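Reader: Please take a close look at one part of this model. Then place that part in the wider assembly, chain by chain.

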Amino acid sequence: MKEQRQVNWLNFIAPIALLVILLVGAEWYIVTNDIPRWMIASPSAIIKELISSFSSDIFPNFAITLGEILTGYLIAVPLGVLIAILLTQFYTFGKAFAPYTIAVISTPLVILVPLLTIWLGLGFRVKVIAVVLQSFTIVMMNCTTGFNNIDPLKMELMKTINASRWQKLKYVILPSSLPNIFNGMRMSAISASTAAIATEFYSSTEGLGAMILHSSAYLNIERMFASIVMVAVTGITLYILPSIIEKLVIRWKI
Amino acid sequence: MINVFKRHFNRLRKYDSVIYPLIVLVIIFTLWEFLVKILNIPETTLPAPSKVLEALFTKFDTEIKPHFFITLKVLVIGFLVAIPVGITFAALLSQYTLLNIMLSPFVLLWVTMPLLAVLPLIMMWLGYGLAPRILVVCVTASGMVALNSIAGFRKVEMEKMELMASMGAGKWQAFFKYIFPNALPSVFAGIRLGCINATLSTLGVEIAGFGSGIGSRITLFATLISFPLVFACIFLTVLIGVTLFMVTTFIERKVIYWKY
Amino acid sequence: MTEKLKISVNNVTKIFESKRQNITALLDVSMSVREGEFVSLVGPSGCGKSTVIRIIENIIPPTNGSVTIDGVTYTDRIPSDILRKLGFVFQAHNLLPWMTVEQNLRLPLKAFGLKGDKWDDQVEMLLSFSKLTNMRNVYTNELSVGMQQRLGVVRALVHDPEILLMDEPFGALDALTRDELDIQLLDICEKTHKTVIFITHSVAESVLLSDRVYVMKTNPGEIIGEVRIGLPKPRSLDMKDSREFAEYEYKIIDAIGNLELSSIK
């Protein structure tokens, strides 16, 4: 018991300690060795920038990027689940589109961004679509794994009660695959943020990606680092979100 | 009526996996060609598939080929280096608990951070060559490999802890002889995901305009409104992505033969 | 006097095809069960007992032969009104872990579309019968094995089927709980006049519960004998000590021809 408590405390302290050591070390090294300002920013300068420009520039751009990603994400997840259902439950559909799903999963759909921009113009819409295209594939892939690996015994149970296709989905297939769905959500969060940043690099005046490009053009290193930090925050938030929802939804012991 | 057909060709059932997709392909192609011709859709909105194929074959050597190979190079090198890097990292982390405790959050950061975003920074340090891009691809992919491998190693170790203790083998001996082979499915899951993310990173930066490669051609041809070439390049990208993925899956099947 | 046959398995053969070889699980198996009869299937592991019962329930189709229930014969597809008359109890409870006790119990009612007070009363009755009323909102993974198995049995009874098909339902339980459940099962069947096909490894259990016992052999699965149990009903646990009981056990074991069967007396 005492051991466990010690380990938990260590779990918490150790990475923070490491982070602090790295930051302090970097700060000291940069300042004492007089590293040129255009190469790297010292941690203290980054933090200063973060705080000073937070409400004026950093937060608004963060909110925009986060908004793009969340909107796209919220569309992509049900879409991925739906398509996975169609692929696994309907023989014709599944057989007909199987090789195309592989193509769609293994190719980054961001390559459609230039095309989409020409057809739909710049702006929020295009970015959301890019995020949707990139993330629904991963959700779909994980859901397919889940839907194809149902305990056969439970399907036998469904046969004994004459369950219809929809009842099978509702009572066995979907609940049984919830861990896969949430895992798909986690994995696609990564693709989603990457797609959003890539699209912003391509064509945008707002959002974190745009901010990175602009600050690099103007050699505002502190702002660039600050933006990168915010991108990291975005990434982690999106990754953790499904886990939180999972804890709330799956209240039974697996 | 389709049912009548199906009953007659029941013997051909096992070729369904090939026939159905082919039918879909034929339908899409003919419909596409048909609609473009009938509705007189301008080439600047949507080109006909025949035009796309024409562009692909005529222009490949001159304008596309070098870029195609650059993309391939960045992707393959980044990906191949990422695999041993990720696995080694995962091995170290799983065997040395202190390291694991200290670095877990950083591994999380490693995986969830869209490393695309630091590319401008890295380019400032390392210039405009292929090196920064390969670095980004490698770090992204190795993150995935590492994450899944760690999970795999720890799962195997937890399950068989007593067996390991009874074997009395040294830490690394036990690792190579037992943990690693048993965790291969997880490792390969990581490799597969790493492959997908590597392709994403590679092409993401190209689309954004950071250098050469087939993604940059897509951007270029799009701005020039040469749509047949855009579609041709998109097709080539799909080819690259799918081939890499299929090769990875193929190797996975060969190595983890017992799972299949 | 020929009573109407409730269930009749007609010359069923089942061959499982796999990439390497074909396995003949059942070869020309025929059985018959009259209304209200309690019939056991006994035999060594792998002799196809589970396969027979699954063919009757139409979970898997026979390669050859058919099943007749109440005069209706089927092979590939069972008519839904016949399926409604069947209740299946699985070997490993097979409860849905993402649902509570009550939700699991009500599942067949939902699927068969049975609503109303009559069925709500049925649910309440079964909950109290299986001593699970206080646990109705508990997720099934948190129950003990005995409770889970009891739930599995009452779930098969909730839609009031005329026929019970039971695949070694009490195999995972300790001897005492098993005895208790055996007697409870007999009690239910007496009161509600159900027709039962019961699969078990235990010769003693089969003698205790059944009117007739079919004995099967393995590889390929075939019926090699039928033993009528003449013990008076209602049965009780102390009958297990009687000489008659032992004689029936011996008859069955003899029919198997060897002592492969692990008889848990």
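Author: Asn162(A) sits in the loop between α7 (152-160) and α8 of chain A. The model is predicted. Phi of Asn162(A) is near 55°, a positive value in a residue other than glycine. Most residues other than glycine have a negative phi. Burial would take 20 or more.

α8 (165-202) of chain A is among the elements that give two or more residues to the side of chain A that touches chain B. The others are α1 (2-32), α4 (91-106), α5 (113-120), α9 (208-217) and α10 (221-249) of chain A. α4(A) gives the most to that side, with 11 residues. In total, 45 residues of chain A are in contact with 47 residues of chain B. By class, the chain A side has 34 nonpolar, 10 polar and one charged residues.

Two pairs of chains touch, and chains A and B have the most contacts. Chain B and chain C do not touch. Their nearest C-alpha atoms are 12 Å apart. Chain A does meet chain C: 16 residues from chain A and 17 residues from chain C make the contact. On the chain C side, α2 (80-83) and α3 (101-112) are the elements that give two or more residues. α3(C) gives the most there, with four residues. That side of chain C has 12 nonpolar, three polar and two charged residues.

Now the domains. Chain A is assigned domain 1 (1-35) and domain 2 (40-249). The centres of the two domains of chain A, taken over C-alpha atoms, are 31 Å apart. Six residues of domain 1 of chain A are in contact with four residues of domain 2 of chain A. The domain 1 side of that contact has five nonpolar, no polar and one charged residues. Chain B is divided into domain 1 (1-40) and domain 2 (47-259). In chain B the domain centres are 35 Å apart, again over C-alpha atoms.

Next, the cores. The largest nonpolar core has 124 residues, and Val110(A) and Val131(A) touch the most other members. Beyond its neighbours within four places in sequence, Val110(A) is in contact with residues of chain A including Ala130(A), Gln134(A), Ala195(A), Ala198(A) and Thr199(A). Val110(A) is also in contact with Leu200(B), Leu203(B), Gly204(B) and Ile207(B). A second, separate core of 72 residues includes Val153(C), Cys189(C), Leu209(C) and Tyr214(C).

Chain C also has strands to follow. Six of the six residues of β8 (195-200) of chain C are buried, so β8(C) is largely enclosed by the rest of the structure. Thr195(C), Ile197(C) and Ile199(C) point one way from β8(C), while Val196(C), Phe198(C) and Thr200(C) point the other way. β3 (38-42) of chain C pairs with β8(C) in the parallel sense over five bridges. Leu41(C) has Ile199(C) as its bridge partner in β8(C). β7 (163-167) of chain C also runs parallel to β8(C), joined by five bridges. There, Asp167(C) stands opposite Ile199(C).

Chain C has an open sheet of four strands as well, in the order β2-β1-β4-β5, with antiparallel pairing. The edge strands are β2 (22-34) and β5 (72-74) of chain C. The twist averages 20° from one strand to the next. β1 (5-17) and β2 of chain C pair over nine bridges. Phe16(C) has Ile23(C) as its bridge partner in β2(C). Helix α1 (49-56) of chain C lies across β1, β2 and β4 (64-69) of chain C, at about 120° to β1(C).

Back to backbone geometry. Strand β2 of chain C holds Asp28(C). Phi of Asp28(C) is near 50°, a positive value in a residue other than glycine. Asp28(C) is partly exposed, with 15 other C-beta atoms within 10 Å. The peptide bond from Lys233(C) to Pro234(C) is cis, with omega near 5°. Pro234(C) lies in the loop between β10 (222-228) and α8 (243-256) of chain C.

Notes: Residues numbered from 1 in each chain as written. Chains lettered and ligands numbered in written order. Predicted model: local features only at pLDDT ≥ 70, side-chain atom pairs only at ≥ 80, totals over all residues. Domains from an automatic or database assignment. Contact = placed C-beta atoms within 7 Å. Nonpolar A, V, L, I, M, F, W, Y, C, P; charged D, E, K, R; others polar. Pairing = 2+ DSSP bridges. Axes fitted to C-alpha atoms, helices over the stretch in contact; angles between N-to-C directions. Core = buried A, V, L, I, M, F, W, Y, C linked by C-beta atoms within 7 Å. Buried ≥ 20, exposed ≤ 12 C-beta atoms within 10 Å, placed from the backbone.
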